[in-house]
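Hi everyone, thanks for making time.

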Amino acid sequence: MNPAAKGKLSLPAGRDIKAVVSRDDHMMRWWMALIGVYLIVTLAMPLYAMLSKSVSTYRFDLQQFEFQVSDEAGDFTSPPVLASSLNQTLGAVSAQALNTSADGRLAATEFFPDFSFRSPVNYRIRGTSEQAAYLVGSSLTTGTEWTEIDSNTFRRVQLRPVASTGLGNFSTYFSTPALMGSIRNSLYIAVISTLITVTLAFGFAYALSRSCVRYKSTFRLIAMIPILVPSLLPGIALIYLFGNQGMLKELMFGGTIYGPTGIVLGSVFFTFPHAFLIISTALSISDARYYEAAVSLRSSPWRTFRVVTLPGARYGIISAAFVVFNLVITDFGLPKVIGGQFNVLAVDIYKQVIGQQNFEMGAVVSVVLIIPAILAFTIDRIVQRKQVALLSARAVPYQPSPDKKADSIWLVYCAMVSVFIVGLIAVCQYAALVKFWPYNLTLSLNNYQFDQMDGGGWASYFNSIKLGLLTAVVGTCIVFFGAYLVEKSNGFNTGRGLFQMVAMLPMAIPGMVLGLAYIFFFNSPANPLNVIYGTMTILVVCTVTHFYTVSHLTAVTALKQMDREFEAVAASLKQSALKVFTRVTIPVCLPAILDISIYLFVNAMTTVSAVVFLYSPKTTLASIAVLNMDDAGDIAPAAAMGMMIFYTNAGARILHLFASRKILKRTQAWRQR
Amino acid sequence: MLRKLLLAPVAVSLLAATSLAGAATELTVYTAVEAEDLKRYAETFNEDHPDITINWVRDSTGIVTAKLLAEKNNPQADVVWGLAATSLLLLKSEGMLEAYAPAGVEKLDPKFVDKSDPPTWTGMDAWVASVCYNTVESEKLGLSPPASWKDLADPMYKGHVIMPNPNSSGTGFLDVSSWLQMFGEEDGWKYMDALHENIARYTHSGSKPCKLAAAGEIPIGVSFAFRGAKSKAAGAPLDIIVPSEGVGWDMEATAIVAGTANLDAAKTLVDWSITEKANKMYNVGYAVVGMPGIAQPVKYFPEGLLDAMIDNDFEFAANNRKRILAEWQSRYDSKSEAK
């Protein structure tokens, strides 16, 4: 404390200075609360519904069943006896075996070791409560009335379980080796794919930012291609290349593409652009002075790379690694198409829910899948926070100088990566045009007759475009307005912090899990929102929520660039916040708004995992059609539909480019001097 | 004014639409019948009953079953027309189906009618397991065609067979449950142990093995006859083999969903669904239909299919499904590596 302050200590403390909450502030809080509620309803509550599903168990309650056995003449002289007491004396069914699923059945004859269906003895069975249920043959019977049956029918009596709650599903899960193996498999492919993708992407980004390699802009464009297609498309291409009838199957040397090899190759393809973007951003922030110092200290190029380049980009590399890891471990399309016998968590969820109608176990696998995803996400957040500004005001941007030998090596490297990316897409297009691979190689458009196949026909394609547009428009409005409120409102810090946190959450939730959670939450008859189940609305809501985080971050970054003074000045000029929002904020942030909408559109076109549980026959989607046609064995039409998605997304990108150029010219002139 | 003029026709057509809807009953029908057949089915039905409009909700067997179960407490469907009998038994054991003996039910093959009285479901057509055998690829590999299921376990076919995973495909479960019924539990599992050695991989759908065989991706696909006949018609070099021990089968069946608000219309539809006309309609794609003496041979379908069909115990299949699937999973699904 300084002396000047000491002198003032004698003065009596005045009232606390309190900011006056204006009408605008109130409005903004209300709006923020509204969008907060939206996020809670579309994210937190479905996840809660899923969690409670995972602990909803089914158990045979033996206290609920009573039997009575007649003598050989058919008279019921012996007293009725509870199934539980029969089991106590016999030990016929272990406590573990009493845990079952919604579909569980337990034969009543288990409790009668000397049972014979030829015996003249008759049986009676009844429940001790109204909930008790059992099957005679396949007919459901409930209630406390006695049912009398002969011994031949008694062998067809099956007890049904009652619902309760507990961790039984988890213990069943962890004691089933086939399911447990998936955890190991998922981690295995995620780690391998991450290592390969990050290494490849680093090399590519390095070549583009630190060398004088030619055709840089072309390479940059090619690197972004995989973002435009669903993740199952590389799987289909790999089958055409390396499958048993593949064009290059000799390269597999008798191995098989179905399994981890195929998953890893495909994952490298579809995660490459994500890793490349992050790493090239990290590499583009460089200070030439370090390199000058390195040269004057006569450091070898390798040493310079190790002590200057790598440390400078390390946060980017770590971040890219976690993003790729998360994408691979939560992806469902690729392992479904090319995974063969290699089980992974995301496909397990699908098998449990669609194949076996075991919703509870599907929820359990979802909970298991969330754990690595959230872990990766949290570590990434912590690492990001540690990143300090590398770029000081005095930094000099690094300008690579031509080096003939190195540049030509980089050219070969970039060309190879590009051939891999363009090659897979080209193979898909070729496969889509071949009439009947491999027996009839004439080209035709037969595979585009989607109306003849599973998957919903051309309607799926138009539904997808509709979903893309709706998601882009609705999503951009919600996301941008939400980000604006968080960034520009005054006070209300707890609320804003909370909002930020919830907005980050979707990134950590795998699409499959979100989709399944939506079934549990929106399909419940008690939920008034259940009307949107099976409509386009739920698909839009789900997709917006699924891709909320990245859009939110883009909006926040753009808004942070704007000085808060704008609002202050407007307030002192007695202009409403709304006016500033529409007249200043939106025009200034237009580039970011356009970026968000194209991001949402492209992802809505390619997403599979979140919507696979939610589409209805009226809202089939192109990406789901790819999956279903492949599933039915119509692989060429699947490739054809995949390519339709690619062309649409590429077209949208080009349109976006032109639109933003034009709009930028009009609204961003102030950026030029 | 201009706007009013433009809107007038819209209003008129809206009025017309509502008055039409008032006259007709609309039925929401859940189905797993092939998409290309649905329109024909509805049109043929409407020839006799123009006053009932069918709103189809179609998806694969697993998904329709999952959907119906998920809507258990709030059913959306009036009728299920064309879903696997095993799935209908599952729904029946949840008490979700309305028992009803459609007019003329006695004319159906008893195999195709639910055993309860009154029955809760009636069969339309059978969906029979078969082996799709690619002659071109097999010749290249020097394989000879298998004649029986037991042949298929011969080490000669190692890595050359694909079958559906019973945990995700109804056809796969049909195969497994038929083997257990034909060979008995113990020998059935022993057989599958041997067969597993030959399996290249298990697919998630029942038609995929045959389509893969048609495309030469694998020489032998365990699938169903209907799919094989279709691929053969499309020009694939396929033989459709009916294994000599007999083949498992399931049927597409019809039932009324309990609690429907349109019970009378639902009964009309179910009555019609077992008529001779309907059976002839099913016969266009399926070689085996519910009414005896109706079926004409379908092109490319293998001969002797009807005799090869085992006496399938659907109740056994439904009541032991969970146990069988768990056993299958622990035996064959824990091997993570593809062979």
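Let's start in chain B, where strand E6(B) and strand E7, residues 199-203, pair in the parallel sense over 4 bridges. Strands here are DSSP runs of at least two residues, marked E, helices are runs of at least four, marked H or I, and both are numbered from the N terminus. Two strands pair if DSSP finds at least two bridges between them.

Before I go on, a word on what you're looking at: this is a predicted model, so local features need pLDDT of at least 70 and side-chain atom pairs count only at pLDDT 80 or more, while totals for chains, interfaces and linings use all residues. Residues are numbered from 1 along each chain as its sequence is written, and chains are lettered from A and ligands numbered from 1 in the order in which they are written.

Back to E6(B). Across from Pro164(B) you'll find Thr203(B) in E7(B). E6(B) also runs parallel to strand E8, residues 220-224, with 2 bridges joining them, and there Ile162(B) stands opposite Gly221(B).

And which way do the residues of E6(B), 161-164, point? Val161(B) and Met163(B) go one way, Ile162(B) and Pro164(B) the other, and all are buried. Buried means 20 or more other C-beta atoms within 10 Å of a residue's own, exposed means 12 or fewer, and partly exposed is in between, with C-beta atoms placed from the backbone. As a general point, side chains in a regular strand alternate between the two faces of the sheet.

Over in chain A there's an open sheet of 3 strands, in the order E4-E1-E11, with antiparallel pairing. Its edge strands are E4 (99-100) and E11 (162-165), each pairing on one side only. Strand E1, residues 56-59, is joined to E11(A) by 4 bridges, and Arg59(A) sits opposite Val162(A).

The peptide bond from Trp437(A) to Pro438(A) is cis, with omega near -5 degrees, and Pro438(A) is in the loop between strands E12 (434-436) and E13 (440-443) of chain A. Chain B has a cis bond from Asp117(B) to Pro118(B), again with omega near -5 degrees. Then there's Arg298(A), which isn't glycine but has a positive phi, near 55 degrees. Arg298(A) is in the loop between helices H10 (288-296) and H11 (301-330) of chain A, and is exposed, with 7 other C-beta atoms within 10 Å.

On to helix packing. H13(A) and helix H14(A), residues 359-386, pack at about 165 degrees with their axes 8 Å apart; axes are lines fitted to C-alpha atoms, for helices over the stretch in contact, and angles run from 0 to 180 degrees between N-to-C directions. These two helices are therefore roughly antiparallel, the word for angles over 145 degrees.

Finally, how do the chains meet? 45 residues of chain A are in contact with 49 residues of chain B, where contact means C-beta atoms, placed from the backbone, within 7 Å. On the chain A side, strand E8 (139-142), helix H6 (177-210) and helix H13 (345-355) each supply at least two residues. That side divides into 16 nonpolar, 22 polar and 7 charged residues. Nonpolar covers Ala, Val, Leu, Ile, Met, Phe, Trp, Tyr, Cys and Pro, charged covers Asp, Glu, Lys and Arg, and the others, Gly among them, are polar.

How values were computed
Two residues are in contact if their C-beta atoms, placed from the backbone, lie within 7 Å. Angles under 35 degrees count as roughly parallel, over 145 as roughly antiparallel, 65 to 115 as roughly perpendicular and the rest as oblique.
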